[in-house]
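Please look at the sequence and the model shown here before reading on.

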Amino acid sequence: MSSIGLCLISLFLSAYATVPRTIEQAFLENDSRRLAALFTSEAPLLISLPEPLSFSDLVSREQAAVLFERIFRAFSRLHAKA
């Protein structure tokens, strides 16, 4: 029984650990669609962004997707060529 519990905990932790990597990849690649896939449609999202954006509000999933699409378009990241 304890091995099943450890397996379930391990599975949960590995799945949970992918969310921060997905968020990081979305920002590094300026990919608003990848980020929007993580947003819930069940409740409003609290988004709070620092300067120079100075934005803080509860928004719907669709509004958040549009917001990040515009942010990524306006503030494109320069990738170092390997």
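In this predicted model, the protein has an average pLDDT of 79, and 72% of the residues score at least 70. Confidence is lowest in helix 1, with a mean of 69, and highest in strand 2 (residues 55-59), where the mean is 93. Where pLDDT is low, the predicted coordinates should not be read in detail.

Helix 3, which covers residues 61-74, is made of 14 residues, and the distance from its first C-alpha to its last is 20 Å, close to the 20 Å expected at 1.5 Å a residue. Its buried residues are Ala-64, Leu-67, Phe-68, Ile-71 and Phe-72; seen down the axis of helix 3, they fall within an arc of 125°, so they line one face of the helix. An α-helix has 3.6 residues a turn, so residues three or four places apart point the same way. The face of helix 3 that is turned away from the buried side carries Glu-62, Arg-70, Arg-73 and Ala-74, which are exposed.

On the surface, Ile-23, Phe-27 and Leu-38 form a nonpolar patch, and together they have about 230 Å² of accessible area. Phe-27 belongs to helix 1 (residues 2-28), while Arg-61 is placed in helix 3. The table lists the exposure of these two residues.

| Residue | Exposure | Relative accessible area |

Arg-61 and Leu-38, a residue of the patch, are 23 residues apart along the chain, and their C-alpha atoms are separated by 9.3 Å.

Key:
Residues are numbered from 1 along each chain as its sequence is written. This is a predicted model: local features need pLDDT of at least 70, side-chain atom pairs count only at pLDDT 80 or more; totals for chains, interfaces and linings use all residues. Side-chain values use heavy atoms; hydrogens and water are left out. Helices (H or I, at least four residues) and strands (E, at least two) are DSSP runs, numbered from the N terminus. The expected span of a helix is 1.5 Å times one less than its number of residues. Buried means under 20% relative accessible area, exposed over 50%, partly exposed in between (1.4 Å probe, protein chains only). The arc is that of the directions from the helix axis to the C-beta atoms. Patches are made of residues with over 30% relative accessible area and no salt bridge: like charges are joined within 9 Å, nonpolar side chains (Val, Leu, Ile, Met, Phe, Trp, Tyr) within 5 Å. Accessible areas come from the Shrake-Rupley method with a 1.4 Å probe; for residues, only the protein chains shown count as cover. A salt bridge is a side-chain nitrogen of Lys or Arg within 4 Å of a carboxyl oxygen of Asp or Glu. pLDDT is the predictor's confidence in each residue, from 0 to 100.
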